[in-house]
Amino acid sequence: MCRLTNDAFLRKLELQRNPMTKMDDAQRQDFTAQVAEWIEAFDDVVAEGRELGTELLEALRQRAHEAGVATPAGVSTPYKNTIDKDDEVPYPGDRAMERRVESLIRWNAMAMVHGQNKKDAGIGGHISTYSSLATLLEVGFNHFFHAKYGEQPGDFIYFQGHASPGVYARAYLEDRLTDDHLKNFRHELRDTPGLSSYPHPWLMPDFWRFPTVSMGIGPLNAIYQARFMKYLENRGLIEKTDRKVWAFVGDGETDEVDTLGAISLGAREKLDNLIFVINCNLQRLDGPVRGNKRIIDELEGMFRGAKWNVIKVIWGSDWDELFAKDKSGLLLKRMEECVDGDYQTFKAKDGAYLREHFFGKYPELLELVKDKTDEQLGMLHRGGHDPAKIYNAYKQAIEFKGGPTVILAKTVKGYGLGSAQARNATHSEKKLADDGLAAFVKRFDIPIPEQAAKDGVPYRPSQDAPEIQYMQQRRKELGGYMPSRKVPAIDFKAPGIEFFKEWLGGSGGRSVSTTLGFVSVLRALLKDTTVGKLIVPIVPDEGRTFGLESVIRQVGIYAPEGQKYSPHDADMLLFYREDKDGQILEEGITEAGSMASFTAAGTAYSNYGIPTIPFYMYYSMFGFQRIGDMAWAFADSRGKGFLMGGTAGRTTMLGEGLQHQDGHSLVLSSTIPTCVTYDPAYAYELAVVLQNGIKRMYEDMEDVFYYVTMYNEDYAMPAMPEGCAEGILKGLYKFKAAEGEAVAQLFGSGPILNEVVKAQEILATKYGVPTTVWSVPSYTEVRRDALAIERWNRLHPAEPARKSYLETVLEGANGPIIAASDYMKVIPDGLSSWLPGRLVTLGTDGFGRSDNREHLRSHFEVNAASIVGATLSKLARDGKFDGGKAQEALSELGVNIEAGDPARA
Ligand SMILES: Cc1ncc(C[n+]2csc(CCOP(=O)(O)OP(=O)(O)O)c2C)c(N)n1
Ligand SMILES: [Mg+2]
């Protein structure tokens, strides 16, 4: 243990003394003597045991509180390793073997990126993130990362996305990837197997589990993954194990609000299965993360404040001896004088520079290193490159109980890359100059000819080489290779359509909303003896908005500590119930956190072998546009489940105005390839969609997920017309035929379908224009089908053309098509290429307003009057109706032709 002498310590205190304390010199001397006695007494206690020291301090702190003495919050500690040298256990591995393996991985990672950029300039890739992370990962791979726990899958690891070359290089040495893989790094569209740039389960479903490369997504998902793991344990769905969630995070990445925004959940829910390792290489892409400060101090403060167990791994073992020798306290003082910009410079320059500019400030420090050569000084390690320090940190992290741990590991970006080390441009370094490569091979002792080194040729010793045997043995003992993703066989039978009978029959004239319809389906599903336990309702504090009170009572809100208070409504039927095995994830106001829970639950089928079915209900406006990137990563993860966009529709969500009224989430959902979107008008449509969705995702194991809108307008739900189930799923079906031959077709969806039905009535009775009404629960699905058929036709010009569903179903349906919805016009417009000259679209382009539905629908021109007007107008343009009469009709209907365009208003 390095400890200052009592005198040196007192001198340090003297420097920091509080200027507000008024004392004359004699009083000061007395007081100093008193402090010296206290310190001596304290030292005696610590000598008996450091825990006793902690206890004594805590007692003093409490006493100070009682006496009204201010005590500093103290969230950061000196700039040195948290784990004292004396508390370290010896390294259990074969250091020489591990060093050898690590060198080979370093080489192959670099060779892969370098070689590829030589072949295909500009293809990209990163070498410096992994070079800083290598030892942090290797200690994990050799000693900590379990691939399984008994029958259960093992630890979950969120890798820094830009370190993927190193992860591939390890799998290559393990003989899991071939030379062809490496040759095809970032060449995914060739004949032989390719390697994706970053962790993408969509592209490499047997390898990667968690997409991380969009900064902030990995750490956020990791927190909620650890939480979901405890949720499954507490609900008895999986057995309790020692499994951990490890998240490797960049220090620059911590600037993302997503990275740190949810850390308080970790401590609140005592997630001792969660370990963050922050790779503090002090750099991001452009330059230093905190040039004028120290990122480690800042992060320590944040995590300590959030009550995480913080372990700093700043200095390597070679500094221990210097700290032990330094009784003046100047070494630590000097370190605390330097900012990260300095530390970056020290590593970008050499040992002589360090001697002059770091140690040189104080003669005592120069003296301290007088026996070391410049080269030795240049090689002094940072903690994150020292296996012994890392091992001890990881060991304490996995043994720590009662909360999450963060390891702040100081590293060097571009470690070992010679002139590319710790420079501002290091992040974007793709290749080294030929000389740099030759030097690298020499430094890391890679036995390949110079030319092969310059060409970046991978090198893999045979599988019986001792170092390879060693690494294989280590993985064998830890249960197998990682990363690896295997989807366990799932035995699941979806409820049949008969289960949903109640919702297919209509509401018997009662006015209800599709949201209410959904909640009653959810309640029924939760009660079902087979699927019930698998349902995971998720809400970001909008449960009441959607009428979930009864569900809260029925299955309870998950609260790992139970309900420690008696809720004020305890005597009511629907009281606010929290429970240790509660089923609802009530996340509070965090859509990003809720999406992370949705991701954990939506991928549990592959990660835990438990096909949980998440229903994430939220304000549709605060969905894709708020957490779009998380939704994209969810799809990449092959996530399943239902996103239920409540309070949907720009004119149906009344009163709330511009920031709340969603008329575009359907556009955003359509951008995600695996997202199946529905915009149901009636409860039976919703029921058919939910039944089919559960079946497709969990029985047929399709890697898709659903976005379904839910509205809050009450109206009578009709019974399902005979034979329309297939049409609902395909996205378009005839809802109400014309009396007589229709001269126009009316498309409607969501609650606007009711306006369309009204318009049909007015057109027929007032203007003698018969029309047919079609319900369009999914323009997105209709369009995707039409696009696929069109592509087939384009690629097979010699064969008879195929017909899309749209063309088939509209056969014989003549005249213009007027499409109205509560969403932007671009949604129906997606069908226009197959309906040449026929389609007129009404939609809710533009900012919302606070008003009631009647005024909103009139403003956005999606009410019955506007639909009638649009139909007559189009018929007039087509020469099928008198233009003057159409104009007259518009004013009769109350359509204000002088109003400003709502799309720009
Ligand atoms: C959301 C997002 N924004 C920007 C980027 C581009 N980007 C990739 S790596 C990087 C710097 C990463 O720095 P750091 O987190 O410190 O990781 P390091 O490479 O230093 O280990 C940036 C800005 C990204 N991947 N994701
Ligand atoms: Mg960094």
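User: In which loop is the place of Gln583?
Analyst: This is a predicted model, in which local features need pLDDT of at least 70, side-chain atom pairs count only at pLDDT 80 or more, and totals for chains, interfaces and linings use all residues. Residues are numbered from 1 along each chain as its sequence is written, while chains are lettered from A and ligands numbered from 1 in the order in which they are written. Strands are DSSP runs (E, at least two residues) and helices likewise (H or I, at least four), numbered from the N terminus. Gln583 sits in the loop between strand S11 (578–579) and strand S12 (585–586).

User: Why does Gln583 count as buried?
Analyst: A residue is buried if 20 or more other C-beta atoms, placed from the backbone, lie within 10 Å of its own; 12 or fewer make it exposed, and values in between partly exposed. Gln583 therefore counts as buried, because its C-beta neighbours inside 10 Å number 21.

User: Which residues does Gln583 touch, not counting those up to four places away in sequence?
Analyst: Contact requires C-beta atoms, placed from the backbone, within 7 Å. On that criterion, the partners of Gln583 beyond four places in sequence are Arg235, Val536, Pro537, Val555, Gly556 and Tyr558.

User: What distance separates the C-alpha atoms of Gln583 and Leu658?
Analyst: Along the chain, Gln583 and Leu658 are 75 residues apart.

User: Which feature does UniProt place at residues 500–718?
Analyst: Over residues 500–718 the chain is 35% helix and 16% strand, with the end C-alpha atoms 15 Å apart. UniProt positions follow the numbering used here, feature names are shortened, and annotations may be inferred rather than shown by experiment. The unreviewed UniProt entry gives this range as "domain: Pyruvate dehydrogenase E1 component middle".

User: Which residues touch the most other members of the largest nonpolar core?
Analyst: In soluble globular proteins, nonpolar side chains tend to be buried together. A nonpolar core is a set of buried Ala, Val, Leu, Ile, Met, Phe, Trp, Tyr and Cys residues joined through C-beta atoms within 7 Å. The largest such core has 230 residues, and those touching the most other members are Ile407 and Ile818.

User: Which residues are the closest to ligand 1?
Analyst: A residue is near a molecule if its C-beta atom, placed from the backbone, lies within 6 Å of it. Ligand 1 is surrounded by 19 residues, the closest being Thr129, Gly250, Gly252, Glu253 and Arg284.

User: What share of the protein chain do buried residues make up?
Analyst: The protein chain has 905 residues. Its buried share is 47%.

Terms used:
Two residues are in contact if their C-beta atoms, placed from the backbone, lie within 7 Å.
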